[in-house]
Amino acid sequence: MSKVPQKWLVVITVLLGTFTIILNNSMLNPAVPHLMEVFSADAVATGWVITIFMVTMGITMPITGYLGDKFGKKQLYMVGLGLFIIGSILGAISWDLPSLILFRGLQGIGGGMMMPTSMALIFEVFPRKERGLATGIYGIAAMMAPTIGPTLGGFIIELGTWQWLFLCNIPTGVLGLLFSWIYLKQTAKVEGISFDLSGFVTVTLGVGSILLALGRVSEIAHLTDPLNITLFVVGVMAIVLFIKIENNKEQPLLDLSIFKIPAFSYSVWIASISSISLFGGIFLIPLLIQNVFGYGAIITGLSFLPAALLSGIFMSIGGRILDRHGPSAVVTVGLSIGTIGTFFLGFVSMETALWLIFVLNALRGIGMGLSTMPSTTAGMNTIPEKFISRGSAMNNVLRQMSSALGIVFISIYFEVRRSQIVATNGVVIEEASLQAINEGFIVIAVLSLISIPAGILLGKEYKKYQRKEAKAST
């Protein structure tokens, strides 16, 4: 490792931890039915294994900017990874469902500390003109892990025991902790900062309530559940109150003034739509391949591999282009390619060859690789260095909420439309499922299409920022 530049060792280190977290979470999704049998619990109770992670991770993220400034980003990252490893060990020895849910919550807290801090650590050691490639390499974890996780989780459940879903985190987690101790750079602590308690309480209540409400919704009937409605209303009210509080604070928990920087706002919009598109596809493609075409989990997993690999390759290519030419072309082209791939998935028929679905999903992977991390990096580059930690926290919170919203929206749309088609047209369930899936992809494609102008505007604002920086340096 001594020949590898220090800054790239930082990327390798945070990639190890991030990949472990995202992979573990996506591995557990297909394991829910098996865990229902193991613990003799219903779907609602067992679903908390997934929901609690999402909620605790989401409510931890907003405070990471303050904690990183107060105690140092390296320390915060290592504490987060340590908590995740402890949660994994305890998760593997869980004696009942409540204990498993508790330890998954601990994992979520650890993950919430690590995810925003990872990008902030990379930004600490890379100059602006090199961050595109660095975050492109790092972003491979964020794109590949959710696509290969369900397949790997299915293999573990089929060939081993559920405990291995947690035990397999330990080797990479410990290695990541060792790398963190050796290679992460100590960051300067910010003196004289105060903790924004009112902001913390309101954002925790707001983000936690909304994520909890979204995590409890998987079918149309859940939308009218009084508890879910209450959670969502309380969450929205708390977020509104949080915004009012933060705008009047000298030292806010999350400085919302960064949204006045257009490039950052456009990058957040693109990241949110990309999250909806990614997780919407992760939900719909297994339904298409298994429920409509009748293939098994292995073929489903293989359908994601080309997309995952190409996404990783083109993420690093997109990062290089960003560093050399800015985000205009690469982000816009990426969004366009992703939109085209998604749109044509909306016209799949029962006679469509399986290889074509692989190709169209791969196109989506290329598009996301070119657009997602380059747009995020470009937006983060335009905010002042002192706001990097909090900007990263903001970006991650909104991405987390968008992912949850995307899965809820697409799953409910699929359920409702399939039922309507069966009732009105009297077709078999496979044909109804296919039409609902097609429409779901077209909806996602429309969302991607309307984000293309944001890519163009991001490029224009980034050029303005570069000209401003060039003037300031002369």
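At what angle do helix H1 (residues 6–28) and helix H7 (residues 97–125) pack, and how far apart are their axes? In this predicted model, the angle between H1 and H7 is about 150°, and their axes lie 10 Å apart. Because angles over 145 degrees count as roughly antiparallel, the two helices H1 and H7 are assigned to that class, and H1 passes H7 in a left-handed crossing. On the side of H1, the contact is made by Lys 7, Val 10, Val 11, Val 14, Gly 17, Thr 18, Ile 21, Ile 22, Asn 24, Asn 25 and Leu 28, while H7 contributes Arg 104, Gln 107, Gly 111, Met 114, Met 115, Ser 118, Leu 121, Ile 122 and Val 125. Sorted by class, the residues in this contact of H1 with H7 comprise eleven nonpolar, seven polar and two charged ones.

The protein chain that holds this helix pair has 18 helices and zero strands. Its radius of gyration is 22 Å, which agrees with the value near 23 Å that a compact globule of 474 residues would have, and its C-alpha atoms fill a box of roughly 70 × 50 × 50 Å along the principal axes. Of the 474 residues, 55% count as buried, and among contacts between residues at least 6 apart in sequence, 83% join residues at least 24 apart.

One of the buried residues is Ser 277, which is placed in this class because its relative accessibility is 5%, under the 20% limit. Ser 277 belongs to helix H13 (residues 262–292), and, neighbours within four places in sequence left aside, is in contact with Thr 342, Arg 364, Met 368, Ile 444 and Ser 448.

Technical notes:
Residues numbered from 1 in each chain as written. Predicted model: local features only at pLDDT ≥ 70, side-chain atom pairs only at ≥ 80, totals over all residues. Heavy atoms only, no water. Helix = DSSP H or I, 4+ residues; strand = E, 2+ residues; numbered from the N terminus. Buried < 20%, exposed > 50% of the residue type's maximum accessible area, 1.4 Å probe, protein only. Contact = heavy atoms within 4.5 Å. Axes fitted to C-alpha atoms, helices over the stretch in contact; angles between N-to-C directions. Parallel < 35°, antiparallel > 145°, perpendicular 65-115°, else oblique. Left-handed = near helix turned anticlockwise from the far one by under 90°. Nonpolar A, V, L, I, M, F, W, Y, C, P; charged D, E, K, R; others polar. Rg over C-alpha atoms; globule rule 2.2 N^0.38 Å.
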